[in-house]
Amino acid sequence: MTIHSLYIYDRHCTCVYYQDWHRTRRPKPAVEGGILPAVSQAVSPSPHLANSNASVYSGYGSPRNTLSSNTGVVVAVNDMLNQAPSTPLLQSPTSPNPVVLTSTGLAFDEEAKLVYGVILSLRNMIKKLSGRDEQFVNYRTSAYKLHLFETMSGYKFVMLTDPAAESLRFVLRQIYVGPFLEYVVRNPLVQMDSREHGIDNEYFRASIDRMVRGLSVFP
C-alpha cells in the first residue's frame, strides 16, 4: 500500500496543514491570500519561490514526496516560510535521481476547496440516506482512496492512498492523539482556530513523517 498525502481541515472548512510522500503532479502556486500561512512549504504563492526547485521549499523534497497518480489532489502552502529550512530536522534527504514534477493545472486554493467540498457533500448525503448515526469514513476511485477521521472539535484528518489500501482511520487517529496533541494543541506558539494561520511547525511535520514512514504499509 502507498500513502500519498495528508490534509488537515479545521472547523471553519479551511486547510490548516498539508504533507505528502508520493506525488509527481503538483498544483500551481496558490494565489496571494488564497491560503493561510503556516500550512506547508510545498508550494508558495511567492514568485521567487514558485520558480525554485521543489526540494528547496518542501520540507521533505525527496522522491517519496510525490503522488504517482495522474489525478493528484492537494498541496498547501506556507507563505511565512520563504526560505530553505535551516534546521537539521527539516533538511531534505539527498536523492541521486530527482523526480520531475508536473502541474495538475489548478491552483492549490482551488484544489483545497474541491477536496473539502467532496468530503462535505458525501457526509451530507450519507446522513440523509442512512441517518445521523452513520459516518462517512472513506471512498475509493480507480486512482486513489480517501480516508477521513473527524474529531469532536471539528478537525478533519484526510489521507490519500492507493485504491487497494485498507481503512487507515486508525492511523489518522494516532496522528491526532499523538503528534497533533503534543506539537499543536499543547504548543503555545501555534495559533489554533485563529482563521489567520495554519498549524505547521517542524516538530509536528517531522513527527508525522516518522510515524508514516514507520508504518509497515509504507513502501
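In helix H4, the residues Val171, Leu172, Ile175, Pro179, Phe180 and Val184 are buried. The elements that cover these buried residues include E1, E8, E9 and H5. The structure described here is a predicted model, and its confidence is highest in H4, at a mean pLDDT of 95.

**Shape of helix H4**

- Helix H4 spans residues 169–185 and has 17 residues.

**The nonpolar core**

- In soluble globular proteins, nonpolar side chains tend to be buried together.
- In this model, the largest nonpolar core has 43 residues.
- Leu146 and Ile199 are the residues with the most contacts inside this core.
- Four strands, E1 (3–9), E2 (15–20), E8 (145–150) and E9 (156–161), each supply at least two residues of the core.
- Three helices, H3 (108–130), H4 (169–185) and H5 (202–213), likewise supply at least two residues each.
- Beyond its neighbours within four places in sequence, leucine 146 is in contact with Ile119, Phe136, Val137, Asn138, Tyr139, Val158, Met159 and Leu160.

**The chain as a whole**

- The secondary structure consists of 5 helices and 9 strands.
- Along the sequence, these elements follow the pattern β-β-β-β-α-α-β-β-α-β-β-β-α-α.
- The chain has 219 residues, and 47% of them count as buried.
- Of the contacts between residues at least 6 apart in sequence, 66% join residues that are at least 24 apart.
- The accessible surface amounts to about 10600 Å², and carbon and sulfur atoms account for 52% of that area.

**Confidence in the model**

- The average pLDDT of the chain is 75, and 69% of the residues score at least 70.
- Confidence is lowest in helix H2 (residues 54–57), where the mean is 35.
- Over residues 47–88, pLDDT stays under 50, and the model has 138 contacts beyond four places in sequence for this stretch.
- Residues 91–96 also stay under 50 in pLDDT, and for them the model has 10 contacts beyond four places in sequence.

Technical notes. Residues numbered from 1 in each chain as written. Predicted model: local features only at pLDDT ≥ 70, side-chain atom pairs only at ≥ 80, totals over all residues. Heavy atoms only, no water. Core = buried A, V, L, I, M, F, W, Y, C linked by side-chain atoms within 4.5 Å. Buried < 20%, exposed > 50% of the residue type's maximum accessible area, 1.4 Å probe, protein only. Contact = heavy atoms within 4.5 Å. Areas by Shrake-Rupley, 256 points an atom, 1.4 Å probe, with all protein chains shown as cover. Expected span 1.5 Å × (residues − 1). pLDDT = per-residue confidence, 0-100.
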